[in-house]
Amino acid sequence: MRITLLGTGDAVGTPKIGCKCPACLDAKKGGKSKRYRPCLLFSDGNVNVLVDTGPDLRTQLIDNGIDKVDAVIWTHSHRDHTGGFGDFWRVKNFMPVYGEKRVLDYTLGEFHFMTFERHDQEMYIPFKIGDMEFTLFEVNHPPIDVSTGIRVRNNGKTAIVTGDTNLEIPERSLDLMRDTDLLLADAIFPRDIRVQKHMNIDDAVYLSKKVNAKRSIFIHLSHLFPPHDEAAQKYSLGYDGMIIDL
Ligand SMILES: [Zn+2]
Ligand SMILES: [Zn+2]
Ligand SMILES: [Zn+2]
């Protein structure tokens with residue numbers, strides 16, 4: 001499968017409006033610190049599935065030459081992961097949308113003016129879109145009730161998206177993440193900043209070792225990291241437009 005990182009930023013995006021920090025200045029000059037809001041593309045070569053639809057969706061699809069989206073999966077209902085869904089207005093009717101019931105209830109309520117084909121999914125029960133198998137699993141992103149990660153399997157390879165989460169991930173979910181070929185992990189802040197909602201980079205590196213990921217790429221990154229080229233010497237940071245073939 002081919003995975004394209006369409007948006008590796010956090011809710012704010014980089015550059016942050018009005019900010020003149022080193023990462024934001026690099027982003028404004030066109031450097032890799034420029035990060036759109038969360039969106040990932042999974043493709044089996046035929047079917048294209050978006051994981052999350054951040055508010056920058058239209059630009060992400062056009063800039064990356066993605067002409068067709070076959071389905072959308074939402075990890076949770078925060079606006080930085082859902083806000084771009086309205087960009088399918090008059091572009092694609094009855095988009096198949098997948099997610100946990102409460103995530104779909106909330107998000108589809110916000111997008112009541114759109115048409116969609118709703119597919120409620122229970123956590124830990126695999127479902128297929130094209131040749132790819134997806135499984136939602138529970139993570140921990142207080143204060144919201146439900147936030148999910150996603151396991152994707154295709155042709156004997158496995159990728160894990162942690163979704164937005166802190167380190168307190170249920171054991172059943174950790175079991176499902178173990179020995180993955182690729183871990184795409186939330187790592188919003190550098191090591192000196194900690195919040196309840198997300199893993200910082202130290203947490204994400206720890207998780208990667210704990211589940212024995214063969215390769216890890218850190219995403220959902222804020223502008224508070226040093227500029228990308230500098231930070232990426234130390235950590236395996238993703239960047240917008242990055243393509244991984246598994
Ligand atoms: Zn987020
Ligand atoms: Zn900044
Ligand atoms: Zn969130």
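Buried means under 20% relative accessible area, exposed means over 50%, and partly exposed lies in between (1.4 Å probe, protein chains only). Arg191, at 47% relative accessibility, therefore counts as partly exposed.

This is a predicted model, in which local features need pLDDT of at least 70, side-chain atom pairs count only at pLDDT 80 or more, and totals for chains, interfaces and linings use all residues. Residues are numbered from 1 along each chain as its sequence is written, chains are lettered from A and ligands numbered from 1 in the order in which they are written, and side-chain values use heavy atoms, with hydrogens and water left out.

**Exercise 1. Work out the site of the zinc ion (ligand 2).**

Step 1. Find the donors: N, O and S atoms within 2.8 Å of the metal (3.2 Å for Na, K and Ca); water is not among the atoms, so sites may look incomplete. Cys19 (SG), Cys21 (SG), Cys24 (SG) and His223 (ND1) coordinate the zinc ion (ligand 2) at 2.1 to 2.3 Å.

Step 2. Check the geometry. Four donors are tetrahedral if all angles lie between 85 and 135 degrees; four are square planar and six octahedral if opposite donors are over 155 degrees apart and all others between 65 and 115; anything else is irregular. The angles among the 4 donor atoms run from 106 to 113 degrees, and the site is tetrahedral. Ideal tetrahedral angles for four donors are 109.5 degrees.

Step 3. Read the spacing. Along the chain the donors follow C-x1-C-x2-C-x198-H. Cys24 sits in helix H1 (residues 22-28), and His223 in the loop between strand S12 (216-219) and helix H7 (228-231), 199 residues apart. Helices (H or I, at least four residues) and strands (E, at least two) are DSSP runs, numbered from the N terminus.

Step 4. Cys24 is buried at 0%. His223 is buried at 10%.

**Exercise 2. Count the salt bridges and describe examples.**

Step 1. Apply the rule: a side-chain nitrogen of Lys or Arg within 4 Å of a carboxyl oxygen of Asp or Glu. The count comes to 14 salt bridges.

Step 2. Take Asp245 and Arg2, whose closest N and O atoms are 2.8 Å apart. Asp245 is in strand S13 (residues 243-245) and Arg2 in strand S1 (residues 2-7), 243 residues apart. Arg2 is partly exposed at 39%.

Step 3. Take Arg191 and Asp202, a salt bridge at 3.2 Å. Arg191 is in the loop between strand S11 (182-186) and helix H6 (201-210), and Asp202 is in helix H6. Asp202 is partly exposed at 24%.

Step 4. Find a network. Salt bridges link Lys101, Asp105, Arg118 and Asp120.
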